[in-house]
Amino acid sequence: MAQTPSPDVSPPVDEKRVSFEREALVHLDVLYRVALRLTSNPSDADDLVQETMLKAYRAWDQYEKGTNAKAWLLTILRHAFINEYRRKIRHPESVDLDAIEPYAVFSEVQDEDPQGAFFDRIVDDEVLRAIDQLPEAFRETLVLSDVEGMSYQEIAGILQVPVGTVKSRLFRARQLLQAKLYDYAVEMGYIKGSPA
Amino acid sequence: MNCRECVEHLYEFLDRELTPELERELREHLEDCPPCGEQFDFEELFLKFLRARCRAQGAPAELKRRVLRELFGE
């Protein structure tokens with residue numbers, strides 16, 4: 001009796017899917033956090049991440065496997081944000097970044113609270129709210145560096161600006177954020193001080 | 001390195017983005033200058049605080065499901 005070939009029980013391995021799951025989908029949390037700070041809105045952040053993942057999956061063959069998937073995905077996310085969301089959800093900002101004076105909170109608190117203990121009393125939501133008030137160019141730089149721990153070089157690549165620009169934006173973004181948090185801490189009575 | 005230059009490069013130092021040469025100069029300055037040392041501690045604490053306050057948030061489970069559904073029809 002002729003033997004029928006045994007059916008192949010294991011499904012074909014979808015290599016594209018496997019590598020995408022391994023290298024791209026693992027960064028979903030990062031993409032969501034950055035999207036949320038860019039859009040300031042959970043529903044828009046969802047859409048932006050979804051859009052980014054679709055674009056990334058379509059372009060997956062162009063991504064050189066094993067390089068920096070996180071930076072590659074964030075570049076796609078930022079382009080999608082600029083092209084499709086920024087115009088829709090935020091009025092173009094007309095902030096003169098150079099006019100924002102650097103302000104050192106440390107010099108205000110060094111006598112009363114040089115250890116910065118007042119920071120500990122500020123809750124997550126208040127910090128996120130203060131970040132959302134930063135000018136967009138400062139906000140995106142600060143989030144990529146201070147929340148996601150990316151290097152100046154990586155950030156420069158994603159934002160398509162020179163490393164020196166990343167450095168100066170980060171410096172001013174941090175000082176501005178400190179000043180906002182300090183003002184809040186004074187207002188709440190966490191520290192005596194005088195409003196910045 | 002003087003105090004002004006030290007404060008100017010403090011964040012780059014904390015971010016490990018200084019050249020080895022500048023990093024050495026800054027370290028030497030911090031050892032000899034208690035006020036700059038205090039500011040270093042303050043800025044270091046601020047960056048740790050920031051990271052701790054912002055990292056808790058992850059993508060909602062529903063978004064993960066939505067992405068998988070859209071990509072792979074699941």
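The model is predicted.

**Chain A**

Chain A contains nine helices and zero strands. Read from the N terminus, its elements are α-α-α-α-α-α-α-α-α. The chain has 196 residues, of which 36% are buried. Taking the contacts in chain A between residues at least 6 apart in sequence, 71% link residues at least 24 apart.

**Domains of chain A**

Where the domains touch, domain 1 of chain A contributes 11 residues and domain 2 of chain A contributes 10 residues. On the domain 1 side, helix H2 (28-39) and helix H4 (69-89) of chain A each provide at least two residues. H2(A) gives the largest share of that side, with five residues. By class, the domain 1 side that touches domain 2 of chain A consists of five nonpolar, three polar and three charged residues.

**Helix pairs**

The table lists their axis distances and angles.

| Helix pair | Axis distance | Angle |
|---|---|---|
| H2(A) and H3(A) | within 8 Å | roughly 130 degrees |
| H6(A) and H9(A) | within 10 Å | roughly 130 degrees |
| H6(A) and H3(B) | 9 Å | about 105 degrees |

The axes of H2(A) and helix H3 (residues 42-58) of chain A cross at roughly 130 degrees. Therefore H2(A) is oblique to H3(A). The crossing of these two helices, H2(A) and H3(A), is right-handed. From H2(A), the residues A:Leu28, A:Leu31, A:Tyr32, A:Ala35, A:Leu36 and A:Thr39 take part, and they meet A:Pro42, A:Asp44, A:Ala45, A:Leu48, A:Val49 and A:Thr52 of H3(A). The contact of H2(A) with H3(A) comprises nine nonpolar residues, two polar residues and one charged residue.

The second pair joins helix H6 (residues 124-132) and helix H9 (residues 163-187) of chain A, whose axes also cross at roughly 130 degrees. At this angle H6(A) is oblique to H9(A). H6(A) and H9(A) pass each other in a right-handed crossing. On H6(A) the contact residues are A:Glu126, A:Val127, A:Ala130 and A:Ile131, while H9(A) contributes A:Leu177, A:Lys180, A:Leu181 and A:Tyr184. Six of the residues in the contact of H6(A) with H9(A) are nonpolar, none are polar and two are charged.

H6(A) also packs against a helix of the other chain, H3(B), with an angle of about 105 degrees between them. H6(A) is therefore roughly perpendicular to H3(B). This contact involves A:Asp124, A:Val127 and A:Leu128 of H6(A) together with B:Leu50, B:Arg53 and B:Cys54 of H3(B). The contact of H6(A) with H3(B) has four nonpolar, no polar and two charged residues.

**Contact between the chains**

The contact between the chains draws on 28 residues of chain A and 26 residues of chain B. On the chain B side, helix H1 (3-14), helix H3 (34-54) and helix H4 (61-72) of chain B each provide at least two residues. H3(B) supplies 11 residues, the largest share of the side of chain B that touches chain A. That side of chain B divides into 14 nonpolar, three polar and nine charged residues.

B:Phe49 belongs to helix H3 of chain B. B:Phe49 counts as partly exposed because 17 C-beta neighbours lie inside 10 Å. Between B:Phe49 and B:Arg65 there are 16 residues of sequence separation and a C-alpha to C-alpha distance of 31 Å.

B:Gly58 is located in the loop between H3 and H4 of chain B. B:Gly58 has 13 C-beta neighbours inside 10 Å, so it counts as partly exposed. Leaving aside residues up to four places away in sequence, B:Gly58 touches A:Asp29 and A:Tyr32. A:Tyr32 is also one of the H2(A) residues that meet H3(A).

Technical notes
Residues numbered from 1 in each chain as written. Chains lettered and ligands numbered in written order. Predicted model: local features only at pLDDT ≥ 70, side-chain atom pairs only at ≥ 80, totals over all residues. Contact = placed C-beta atoms within 7 Å. Helix = DSSP H or I, 4+ residues; strand = E, 2+ residues; numbered from the N terminus. Nonpolar A, V, L, I, M, F, W, Y, C, P; charged D, E, K, R; others polar. Axes fitted to C-alpha atoms, helices over the stretch in contact; angles between N-to-C directions. Parallel < 35°, antiparallel > 145°, perpendicular 65-115°, else oblique. Left-handed = near helix turned anticlockwise from the far one by under 90°. Buried ≥ 20, exposed ≤ 12 C-beta atoms within 10 Å, placed from the backbone.
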